[in-house]
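Let's take a walk through this model together, one piece at a time. Keep the sequence and the 3D view open while you read.

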Amino acid sequence: MWFARRVGALVLVGGLTLVLAGCPGSLGSRGPKCIDPARDTVSQGWMCDLPAVDTTTLTTAQRSLWSTLDQAYADQQPGTVYSQGKSEAWCADFVSWVYNEAGYPFSNPNSGSWRIPGTFTLAEYFQTQHVFHSPGETGFTPRLGDVAIYTNESLVWTQHTNIVIGYDGTWLVTIGGNQSHGAVTVYRHRWDNPDLHVRGFGRPLPG
């Protein structure tokens, strides 16, 4: 997928019970060591900015989700905004909030709420909805709006979840909450990174 940074340069970047995940991030200051894909085509890690997406290539559902993500990135709210005031690891809360705000709410299998605050329960929900895909599944390619869920073997994230905003066969680009360098941040990692350990992807959006 082709992305444009906001400055305009075009670049190619690419459980059955409720268990709260220990999302890895924490609020931190934004510094100069982020990755600018217009200048760095080889590094993995935190990106300097939210890539701009050609929304004419997106479905109606994807456009709604992207608009929500764009606003969340701009607002940089604390985790309690997404967790209904609860003090907890909030990566899955953020994912749930984004889909609810975009008009595609989840349904917590334990409570019925739109908010699913644990990665295991989130994976369970996607499985019961028949929208959970393994990374090596034939014919499956991650796309904008998919929900990535990582195993506890991941040396990149440990137990964590975030939202795919781009995949080009080499780079997996995601946005998530409770990640390092800010409240809501963007990361890219090589798809063949042996430390990534993606458990699977939820695809809750229609189309």
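We'll start with H189, which counts as buried because its relative accessibility is 9%; buried means under 20% relative accessible area, exposed over 50%, and partly exposed in between, with a 1.4 Å probe and protein chains only. Before going on, a quick note: this is a predicted model, where local features need pLDDT of at least 70, side-chain atom pairs count only at pLDDT 80 or more, and totals for chains, interfaces and linings use all residues. Residues are numbered from 1 along each chain as its sequence is written, and side-chain values use heavy atoms, with hydrogens and water left out.

H189 sits in strand β9, residues 182–190. (Helices, H or I of at least four residues, and strands, E of at least two, are DSSP runs numbered from the N terminus.) Leaving aside residues up to four places away in sequence, H189 touches several others, including Q44, W157, W171 and L196; contact means heavy atoms within 4.5 Å.

Next, find strand β10, residues 198–202: 4 of its 5 residues are buried, so the rest of the structure largely encloses it. Strands pair if DSSP finds at least two bridges between them. β10 runs antiparallel to β5 (residues 132–133), joined by 2 bridges, and H133 has F201 as its bridge partner. β6 (residues 147–150) also pairs with β10 in the antiparallel sense, over 4 bridges, with I149 opposite G200.

Now for helix α3, residues 119–128. It is largely enclosed too, because 7 of its 10 residues are buried, among them L122 and F126. The cover over those buried residues includes α2, β5, β6, β7 and β10. After α3 comes H130, with a positive phi near 60 degrees.
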